[in-house]
Amino acid sequence: MRRFFGAVLLIFAAAVLAQSPTSEAQSAARAALLNSPAIEQAGKLEYAAREYTAAGNHAAALPLREKSLALLEETLGKDDIALTPILLNLARNLAFLGQFDRTLIFHTRALVIREKVLGPEHLDTAEAVSALAMSHWALGQPKKALPVQIRALAIYEKFPDQEG
């Protein structure tokens, strides 16, 4: 269990450091965030949410992920790339609970952040594009879903050696 919690914190750390600071001072400030109590608490909440999700208890995972997201937003800002895994996981829990209107909000937000930080043709952006398409499908919006899904597939095709 400790190993998994460590992996969750490592994922947060990688996402926090993924943004390219423009100066050494910014880089040092960004690295200091990794030792933030808020980042550690967000990791613990995400770990617990993953346990609930794995057990099929999406209703219990949801408030943990919402709190984790709030902590990360306070610490990193609302448009940080480190938020996107939480946004996508939140949407996944909501989908299992049938709250598809809310999944659309989180999928859209994750996509906007990934496009801004990673670019529109990045493999991780394709994941968010595909997730947004699934929200449209779930809401019974095939005319919106199909072009979005086609866009995701076009990006995935650019990375034939990667799983997507």
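Student: Which residues does Asn-93 touch, not counting residues up to four places away in sequence?

Tutor: A contact means heavy atoms within 4.5 Å. By that rule, and with residues up to four places away in sequence left out, Asn-93 touches Thr-53, His-58, Ala-61, Leu-62 and Arg-65. Before we go on, a word on the source: this is a predicted model, where local features need pLDDT of at least 70 and side-chain atom pairs count only at pLDDT 80 or more, while totals for chains, interfaces and linings use all residues. Residues are numbered from 1 along each chain as its sequence is written, and side-chain values use heavy atoms, with hydrogens and water left out.

Student: What does the side chain of Asn-93 make a polar contact with?

Tutor: A polar contact is a pair of N or O atoms within 3.5 Å; within protein, one must be able to donate a hydrogen and the other to accept it, and residues adjacent in sequence count only if both atoms are side-chain atoms. Here the partner is the side chain of His-58, at 2.8 Å.

Student: Is Asn-93 buried or exposed?

Tutor: Buried means under 20% relative accessible area, exposed over 50%, and partly exposed in between, using a 1.4 Å probe and protein chains only. Asn-93 counts as buried because its relative accessibility is 0%.

Student: And where in the chain does Asn-93 sit?

Tutor: In helix H5, residues 84-96. Helices (H or I, at least four residues) and strands (E, at least two) are DSSP runs, numbered from the N terminus. The chain has eight helices and zero strands.

Student: Where is Leu-97, then?

Tutor: Leu-97 lies in the loop between H5 and H6. Leu-97 counts as partly exposed because its relative accessibility is 35%. Leaving out residues up to four places away in sequence, Leu-97 touches His-58, Ala-59 and Leu-62. Leu-97 and Ala-59 are 38 residues apart along the chain, yet their C-alpha atoms are separated by 7.1 Å.

Student: How does one look for a pocket?

Tutor: Rolling a probe the size of a water molecule over the atoms shows where empty space is left. On a 1 Å grid over the protein atoms alone, a pocket is an open set of points where a 1.4 Å probe fits, with protein on both sides within 12 Å along at least five of seven lines; lining residues have an atom within 4 Å of a point.

Student: Which helix gives the largest share of the lining of the largest pocket?

Tutor: H7 does, with six residues. H5, helix H6 (100-118) and helix H7 (123-138) each supply at least two residues of that lining. Among the lining residues are Leu-88, Phe-100, Thr-103, His-107 and Ser-135. About 200 Å³ of space lies in the largest pocket, a volume being the space filled by probe spheres set on the points, which are joined across faces, edges and corners.

Student: What is Ser-135 in contact with?

Tutor: Leaving aside neighbours within four places in sequence, Ser-135 is in contact with Thr-103, Leu-104 and His-107. The side chain of Ser-135 makes a polar contact with the side chain of Thr-103, at 2.9 Å. Ser-135 lies in helix H7 and counts as buried because its relative accessibility is 1%.
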